[in-house]
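Please consult the sequence and structure shown here alongside the text.

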Amino acid sequence: MTIINKVWAVYFSPTGTTRKIAFATGRGLSRALKSDFEEYDFTLPKARAQALHFSPTDLVVLGTPVYAGRVPNVLLPYLNSIEGNEALAIPIVLFGNRNYDDALIELRDILEKDGFHTLAAGAFVGEHSFSRILAKNRPDAQDMDIVSEFVQQIVAKLHGSTDSPEHPIPVSGMPFPYRAYYSPRDRQGNPVDIRKVKPLTNDRCNDCKLCAKVCPMGSISFDNVREFTGICIKCGACIKKCPKQAKYYEDAGYLYHQHELEEELTRRAENMLFV
């Protein structure tokens, strides 16, 4: 059996959905393997200023959301800086009921390039960052049952291995070069570019500063929370975490894309496990 001294849950999770899956997977593995457990949340800019280094006896569950079918490109410099040092890794992506496209294979490849050995992988569904309707309240109890099954399968694989399992773990997706980022289109088939769209702030705002504190890009001004000093990645943190529901979008292209997703993707998308 492969020796695991510590299991890690490492994640980027602006609205908490990716964290829920990564934490439950990591915690479940640590208990089953009777190993130490530690989590590292690199959602905020300050956390991404710290380099991460692991050891051969670590097992790292690393999770990111899926943005436009890929790993969020703003995370690539940080993800590429992580040093695996022969640790085992489990890439996990969280998608909002549409599709994870090439995000999982991209994250797997990043971790392999970082010096990890990928043992298993998963694509899980969570409430879409644009919506409170699309995959509402997921991951839910049914999803968490699947996480428990995932943990059991990984433990069985580790128990059945005398050496480090073969890697990389095979996953679905197009090998490099990956498909282009998903591009929404309007009714006439024209691309809808929402990259520069930013939330607005209504009069319910009481200047509590929470939106500035939770912005993963550090882009909302503490002096004036209506002002953006950097890019917006449409992660939903400032909108979903605002106690006054003071943040909103009014851009026509953004709203068209949001409503299109909500109307077309009403089926319950399935989680995908690779062990």
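Of the contacts in the protein between residues at least 6 apart in sequence, 79% join residues at least 24 apart. The model discussed here is a predicted one. Its secondary structure comprises seven helices and nine strands.

**Overall dimensions and burial**

- The radius of gyration of the protein is 19 Å, which agrees with the value near 19 Å that a compact globule of 275 residues would have.
- The C-alpha trace spans about 60 × 40 × 35 Å along its principal axes.
- Of the 275 residues in the protein, 54% are buried.

**Nonpolar cores**

- In soluble globular proteins, nonpolar side chains tend to be buried together.
- In this model the largest nonpolar core has 42 residues, and those with the most contacts inside it are Val10, Phe42, Phe54 and Leu79.
- At least two residues of this core are supplied by each of strand S1 (6–11), strand S3 (58–65), helix H2 (76–81), strand S4 (88–95), helix H3 (103–113) and strand S6 (121–125).
- H3 provides the largest share of this core, namely six residues.
- Another core, of 26 residues, lies apart from the largest one, and includes Ala22, Leu59, Leu119 and Leu158.
- Phe54, one of the residues with the most contacts inside the largest core, touches Trp8, Val10, Val60, Ile82, Glu83, Gly84, Asn85, Ala87 and Phe116, when residues up to four places away in sequence are not counted.

- H3 is largely enclosed by the rest of the structure, because nine of its 11 residues are buried.
- These buried residues are Ala103, Leu104, Ile105, Glu106, Leu107, Arg108, Ile110, Leu111 and Glu112.
- The cover over the buried residues of H3 includes S3, H2, S4, strand S5 (117–118), S6 and strand S9 (272–274).
- After H3 comes Gly115, which has a positive phi near 100°.

**Cis peptide bonds and the setting of Arg138**

- Arg138 and Pro139 are joined by a cis peptide bond, with omega about 5°.
- Not counting residues up to four places away in sequence, Arg138 touches Thr17, Asn97, Val125, Gly126, Glu127, Asp143, Arg268, Ala269 and Asn271.
- Another cis peptide bond, also with omega about 5°, joins Phe176 and Pro177.
- Pro177 is located in the loop between H4 and strand S7 (200–201).

- Lys234, a residue other than glycine, has a positive phi near 55°.
- The loop that holds Lys234 runs between helix H5 (210–214) and helix H6 (237–240).
- Lys234 counts as buried because its relative accessibility is 6%, below the 20% limit for burial.
- Gln245 is not a glycine either, and its phi is positive at about 50°.
- Gln245 lies in the loop between H6 and strand S8 (247–248).
- With a relative accessible area of 48%, Gln245 is partly exposed, since that class covers values between the 20% limit for buried and the 50% limit for exposed residues.

- Two cavities of 30 Å³ or more are found in a search of the whole structure.
- The largest cavity holds about 100 Å³ of space.
- It is lined by 15 residues, and the closest to its centre are Cys205, Cys208, Cys211, Cys242 and Ala246.
- The lining of the largest cavity divides into nine nonpolar, two polar and four charged residues.
- The volume of the second largest cavity is about 90 Å³.
- The second largest cavity is lined by Pro199, Cys215, Pro216, Ile220, Phe228, Cys232, Ile233, Lys234, Cys235, Gly236, Ala237 and Cys238.
- By class, this second lining has 10 nonpolar, one polar and one charged residues.
- Lys234, which has the positive phi described above, is one of the residues lining the second largest cavity.

Terms used
Residues are numbered from 1 along each chain as its sequence is written. This is a predicted model: local features need pLDDT of at least 70, side-chain atom pairs count only at pLDDT 80 or more; totals for chains, interfaces and linings use all residues. Side-chain values use heavy atoms; hydrogens and water are left out. A nonpolar core is a set of buried Ala, Val, Leu, Ile, Met, Phe, Trp, Tyr and Cys residues joined through side-chain atoms within 4.5 Å. Buried means under 20% relative accessible area, exposed over 50%, partly exposed in between (1.4 Å probe, protein chains only). Helices (H or I, at least four residues) and strands (E, at least two) are DSSP runs, numbered from the N terminus. Contact means heavy atoms within 4.5 Å. On a 1 Å grid over the protein atoms alone, a cavity is a set of points where a 1.4 Å probe fits but cannot get out, and a pocket is an open set with protein on both sides within 12 Å along at least five of seven lines; lining residues have an atom within 4 Å of a point. Grid points are joined across faces, edges and corners, and a volume is the space filled by probe spheres set on the points. Ala, Val, Leu, Ile, Met, Phe, Trp, Tyr, Cys and Pro count as nonpolar, Asp, Glu, Lys and Arg as charged, and the others, Gly among them, as polar. The radius of gyration is taken over C-alpha atoms; the globule rule is 2.2 Å times the number of residues to the power 0.38.
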